[in-house]
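Reader: I'd like a close look at one stretch of this model, and then at how the rest of the chain compares in its details. Please take your time and start from the place I name below.

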Amino acid sequence: MTVIREDDLIASIAEAFQYISYFHPPDFVEAMASAYEREENPGAKQAMAQILVNSRMSAIGRRPICQDTGAANIHVKVGVEAKTDFKRSLQEICDEGTRQGYLRDTNPLRASIVVDPFNERKNSGDNTPCMLTVEMVAGDKIDVELAAKGGGSENKAKFTTLNPSGSVADWVVETVETLGAGWCPPGILGIGVGGNADKAMALAKQAMNERIDMADLLRRGPSNKVEELRLEIYERVNALGIGAQGLGGVTTVLDVKIKSFPTHAASLPVGLIPNCAATRHIHFTLDGSGPAEFTPPDLSLWPEILLDQASAHARKINLDDLNDEVVTSLEPGQTLLLSGTLYTGRDAAHKRMIDMLDRGEELPVDLKDRAIYYVGPVDAVGDEAIGPAGPTTATRMDKFTDRILGETGLRVMIGKAERGPTGLEAIAKHKAAYLIAVGGAAYLVSKAIKEAKPVAFEDLGMEAIYELKVEDMPVTVAVDTEGNSIHKTGPAQWRRAPALT
């Protein structure tokens with residue numbers, strides 16, 4: 001019997017994480033391109049255009065689609081008859097593959113895993129350990145389902161146990177309506193039904209990685225109860241009007257995938273995990289003939305989209321000349337092109353600034369009449385000023401916003417998704433503005449950044465404060481100085497009654 005080598009599994013995992021960092025699955029590109037053609041809201045259509053252009057750029061440049069290169073999710077199916085030369089545990093082997101994949105010099109991927117979930121939350125530095133699940137199956141091969149799962153969508157995972165007579169569709173639709181845009185729609189909903197709490201969530205995670213086939217299902221119609229449920233949830237969620245990036249629009253989900261398992265007679269466990277516009281996953285099989293091989297998709301898969309035409313009417317803003325007149329003139333939904341000086345800062349940097357203010361210390365950067373970008377970029381390679389640098393979820397900064405705006409004079413914040421009530425109140429109180437960059441367009445955004453240098457808290461790694469020089473960075477006004485939010489008005493405008501048959 002052929003031996004499956006430990007080194008081949010390691011090499012395959014490393015190459016797979018590299019591959020999915022810059023290649024979207026072809027079915028996702030096709031589904032997103034179709035949704036782009038159908039979209040009626042100009043703002044949402046522009047967001048989809050950026051996602052598709054970014055995807056093509058990443059495929060050509062072999063650089064990450066999103067700066068959040070994700071937690072390493074690995075599901076291994078080991079054939080009970082498989083012969084291996086493994087000397088280490090499967091966790092150790094998969095961790096080594098993850099380590100090699102994330103630390104590759106030609107395309108370093110951002111390490112996002114913290115070793116201690118409490119206290120210091122120190123980064124492991126190599127994105128290990130991976131999130132490994134193992135299943136023993138019939139056969140003599142090893143099958144691996146591998147995915148890079150970003151924090152923005154993973155943070156929106158939900159679980160419930162319904163009564164046996166409960167409606168899965170009702171719970172999913174009601175839950176998605178509360179998720180906001182932090183999971184970066186349009187994406188896929190993975191739903192697990194049955195088993196118990198951990199089984200339902202595992203099923204939901206596995207369901208997300210199934211091939212997108214909603215267009216085929218819509219054409220031929222459902223042939224069983226699960227397909228009927230998929231169609232119902234798909235139609236009802238899209239009828240909510242959330243749209244791309246939460247701006248309002250026709251498409252919020254590209255597909256709804258459901259996996260089920262037997263369960264206790266008194267229970268109906270349901271797990272829900274959304275996958276974002278940076279959907280990244282791949283499957284490979286090892287049979288002892290060597291490491292897996294991955295064939296790049298043909299570039300003709302991506303539609304030709306000219307962003308210059310889409311942004312021709314965008315308003316240009318000089319970040320080095322922010323004043324009351326400029327900031328108060330910004331209107332929700334307006335497309336802007338930013339140039340000038342921009343600072344970065346995420347959760348850890350905000351916490352440290354607040355601690356310094358509490359101690360009466362002077363901050364290391366002067367934020368008066370400036371803009372801050374909620375981002376944790378990928379390391380630069382070659383002649384890049386910075387690696388892929390897309391926005392992070394802004395609501396995590398809400399609890400810091402009042403103090404930062406009030407005590408520093410900061411005027412503009414840039415992130416992704418909506419602001420919560422606390423953030424909106426602070427923005428209106430201090431007459432600031434909040435803008436959004438497109439989540440899932442990190443490589444495209446990075447091309448607008450011409451210079452980048454760390455200026456504070458360098459020990460925080462990707463969460464350090466950087467001073468950026470940007471040129472025509474595309475953003476959308478999300479919240480104006482009165483606290484009016486496009487994430488409220490947009491979905492309300494595009495909400496409709498579901499056309500269920």
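In which strand does V134 lie?

Author: Happy to take you there! V134 belongs to strand 4, which covers residues 131-137; strands here are DSSP runs of E with at least two residues, helices are runs of H or I with at least four, and both are numbered from the N terminus. Please keep in mind that this is a predicted model, in which local features need pLDDT of at least 70 and side-chain atom pairs count only at pLDDT 80 or more, while totals for chains, interfaces and linings use all residues. Residues are numbered from 1 along each chain as its sequence is written, and side-chain values use heavy atoms, with hydrogens and water left out.

V134 has a relative accessible area of 44%, so it counts as partly exposed; the scale calls a residue buried under 20%, exposed over 50% and partly exposed in between, with a 1.4 Å probe and protein chains only. Together with V80 and M136, V134 makes a nonpolar surface patch of about 300 Å². Such patches take residues with over 30% relative accessible area and no salt bridge, joining nonpolar side chains (Val, Leu, Ile, Met, Phe, Trp, Tyr) within 5 Å and like charges within 9 Å. The areas come from the Shrake-Rupley method with a 1.4 Å probe, and for residues only the protein chains shown count as cover.

Now step back to the loop between helix 4 and strand 4, where P129 is placed. The peptide bond joining T128 and P129 is cis, with omega about 0 degrees. Most residues other than glycine have a negative phi, and most peptide bonds are trans. On the phi side, K431 has a positive value near 55 degrees; K431 lies in the loop between helix 14 (421-430) and strand 15.

Next come the cysteines. The whole structure holds zero disulfides, a disulfide being a pair of cysteine sulfur atoms within 2.5 Å. C130 is in none, as its nearest cysteine sulfur, that of C94, is 5.0 Å away. C130 is buried, at a relative accessible area of 4%. For C184, the closest cysteine sulfur is in C276 at 5.8 Å, which is too far for a bond. C184 is buried too, with a relative accessible area of 4%.

Another salt bridge pairs K453 with E467, with closest N and O atoms 3.9 Å apart. Here K453 is in strand 16 (residues 449-456) and E467 in strand 17 (residues 465-479), 14 residues apart. K453 is partly exposed at 45%, whereas E467 is buried at 17%. Shared partners also join D213, R230, D255 and K257 into one network of salt bridges.

Beyond neighbours within four places in sequence, V479 is in contact (heavy atoms within 4.5 Å) with R419, L424, I427, A433, Y434, N484 and S485.

The protein is divided into domain 1 (1-148 + 281-286 + 297-305), domain 2 (151-277) and domain 3 (314-490), with bounds from an automatic or database domain assignment. Between domain 1 and domain 3, the contact takes 18 residues from domain 1 and 23 residues from domain 3. The centres of those two domains, taken over C-alpha atoms, are 29 Å apart.

Definitions and conventions
Salt bridge = Lys/Arg side-chain N within 4 Å of Asp/Glu carboxyl O.
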